[in-house]
Amino acid sequence: TALISGIAPSVGMQAFSTITGLPVYYGIAKTLRTTASAVTASGNNTVVTAIPGKRIKVYGYELQASAGAGVSCKLTDLVNDYSPTYIFSAREGVVVGGMPPPAFYFGTLSGSALSLWLSNNASGVQYAIHYFDDDGA
């Protein structure tokens, strides 16, 4: 959106980039991203790849167990745990959303990936992670 009479949109006003088509918030100049898929392997599964010198700041997420047996899971960067350890029965899940950027629920350590840990009896978890990357501070 172009400036009109020298007045910029208010801080926190959402628009969409004409280059990427992804949402951006004026005043924070961050590209908001979402990654969504499923993991079935027990242990740590990378869901957002590390970005050198950047923190991954999560402003919302959804997790849902697959149709099989129950599963335990949590979000981590392999140093810190960022969510509780959720214990889901088949098809149970959680939605954590509504945090308007530039606010965020948690941010990884600088240069760290975000992983979804699954218990040994994992039957699989579908996920959607809503995030933006920010300087290492």
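Leaving aside its neighbours within four places in sequence, which residues is S66 in contact with? In this predicted model, the answer is A90, R91, S123, G124, V125 and Q126. S66 itself sits in the loop that runs between β6 (54–65) and β7 (71–76). Is S66 buried or exposed? With a relative accessible area of 13%, S66 is buried, because buried means under 20% relative accessible area.

Let's turn to the nonpolar core. The largest one holds 24 residues, and Y61, L63, L114, L116 and I129 are the members that touch the most others. The largest share, five residues, is contributed by β6.

Not counting residues up to four places away in sequence, L63 touches C73, Y86, F88, E92, G93, V94, L116, V125, Q126 and Y127. Two of the names in that list, Y86 and F88, come up again among the aromatic rings.

The structure holds five aromatic pairs. One of them joins Y86 and F88, which are stacked, with 5.5 Å centre to centre and 10° between the planes. Both partners are buried: Y86 has a relative accessible area of 15%, and F88 one of 7%.

Another pair brings together F104 and F132, whose ring centres are 6.4 Å apart; their planes meet at 85°, so this pair is edge-to-face. Together with Y59, F104 and F132 form one aromatic cluster.

Here are the accessibility values for the residues discussed above.

| Residue | Relative accessible area | State |
|---|---|---|
| S66 | 13% | buried |
| Y86 | 15% | buried |
| F88 | 7% | buried |

One more ring is worth a look. Which residue lies over the face of W117? That residue is K74, at 5.2 Å from the ring centre.

Methods: Residues numbered from 1 in each chain as written. Predicted model: local features only at pLDDT ≥ 70, side-chain atom pairs only at ≥ 80, totals over all residues. Heavy atoms only, no water. Helix = DSSP H or I, 4+ residues; strand = E, 2+ residues; numbered from the N terminus. Buried < 20%, exposed > 50% of the residue type's maximum accessible area, 1.4 Å probe, protein only. Contact = heavy atoms within 4.5 Å. Phe/Tyr/Trp six-rings, centres within 6.5 Å; stacked < 30°, edge-to-face > 60°. Lys NZ or Arg CZ within 6 Å of the ring centre and 35° of its normal. Core = buried A, V, L, I, M, F, W, Y, C linked by side-chain atoms within 4.5 Å.
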